[in-house]
Amino acid sequence: MGDRGANNHSETSDFILVGFRVRPELHVLLFLLFLLVYTAVLLGNLGMLAVIATDPRLNTPMYFFLGNLSFVDLFYSSVIAPKAMANFWSESKSISFAGCVAQLFLFALFIVTEGFLLAAMAYDRFAAICSPLLYSAQMSPRLCAQLVAASYLCGCVASVLLTSMTFSVPFCASRAVDHFYCDTRPLQRLSCSGLFVQKMVSFSLSGVIILPTIIVILVSYVYIVSTVLRIPSAEGRRKAFSTCSSHLGVVGVLYGAVFFMYLTPDRFPELSKFASLCYSLVTPMLNPLIYSLRNKDVKEALRRLVEKKSALL
């Protein structure tokens with residue numbers, strides 16, 4: 001009876017999101033930082049979606065993937081940032097059990113989907129540069145839609161497995177999650193039972209998710225670099241590399257933080273929080289900036305959209 005009561009308690013009690021262990025007077029500064037970054041995320045990604053949706057010249061596979069990337073960035077940062085900002089002003093810093101489950105599920109869904117979308121974008125660049133004459137036939141609208149749908153499906157499956165595994169163990173009396181959102185590792189630290197099997201499954205799941213996408217990206221870029229180096233003109237090589245540099249920048253930021261967070265020993269909680277901040281807010285903020293500042297098509301489309309809005313005023 002006691003165990004059953006403890007389990008019922010673990011399934012109904014609120015969690016406490018500890019957040020960053022800093023002096024109280026720094027909470028205002030952190031709130032303003034989160035607010036600034038999240039505002040940039042909203043403006044950048046909504047702006048990117050508006051530009052892609054309204055300019056017919058961007059009706060290509062690359063911008064179809066980029067639009068979905070902006071959608072994913074917009075939503076997974078929105079799963080984290082509003083609650084984190086509210087907790088800077090909250091004394092209890094609590095989140096309900098159901099809210100914690102939903103936060104972990106949605107964040108895992110979108111972050112895994114982003115990884116597979118980046119792999120699809122790498123394949124798109126491979127097809128465009130290595131087989132330009134067959135590009136339109138290879139990257140048909142149907143294939144693009146299938147790749148995006150498969151990315152969301154993989155994200156959903158991985159999220160269901162990760163969330164169910166995380167919340168299948170009983171939690172101890174302490175409900176303090178040493179993080180600014182509900183994530184797998186901080187929640188596992190609250191478990192009353194042995195976690196060897198859960199940690200091995202979590203590590204294996206992370207590897208199964210990350211390794212295939214990394215392999216697709218690496219193989220695609222090996223072929224891309226080999227093809228570009230055979231282009232005789234320096235201007236041709238520069239243009240070919242410029243179409244890939246934005247994607248490589250996004251991949252480097254996201255996967256660097258994810259590797260540190262999930263594939264390293266869980267010994268540095270505070271560093272893990274900053275790594276999480278990097279891929280939960282900084283990456284979604286940088287993605288539209290990287291793609292717009294280094295992409296002539298997007299800059300031209302943005303200029304035309306601003307001119308059109310100005311003419312209506």
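The largest nonpolar core of this predicted model has 73 residues, and those with the most contacts inside it are Phe34, Leu66, Phe107, Leu118, Phe180, Ile217 and Tyr279. Here a nonpolar core is a set of buried Ala, Val, Leu, Ile, Met, Phe, Trp, Tyr and Cys residues joined through side-chain atoms within 4.5 Å; buried means under 20% relative accessible area with a 1.4 Å probe, protein chains only. Among the elements giving two or more residues to this core are α2 (27-54), α3 (61-87) and α4 (97-130). The largest share, 15 residues, comes from α4. Helices are DSSP runs (H or I, at least four residues), and strands are runs of E of at least two, numbered from the N terminus.

| Core | Residues |
|---|---|
| Largest nonpolar core | 73 residues |

Now to a single residue. Val177 lies in strand β3 (residues 176-177). Val177 counts as buried because its relative accessibility is 0%. Leaving out residues up to four places away in sequence, Val177 touches Phe15, Ile16, Leu17, Val18, Gly19, Pro186, Leu187 and Leu190, where contact means heavy atoms within 4.5 Å. Arg189 is 12 residues from Val177 in sequence, and their C-alpha atoms are 8.2 Å apart.

A note on reading the model: residues are numbered from 1 along each chain as its sequence is written. Local features need pLDDT of at least 70, side-chain atom pairs count only at pLDDT 80 or more, totals for chains, interfaces and linings use all residues, and side-chain values use heavy atoms, without hydrogens and water.

Key
Buried means under 20% relative accessible area, exposed over 50%, partly exposed in between (1.4 Å probe, protein chains only).
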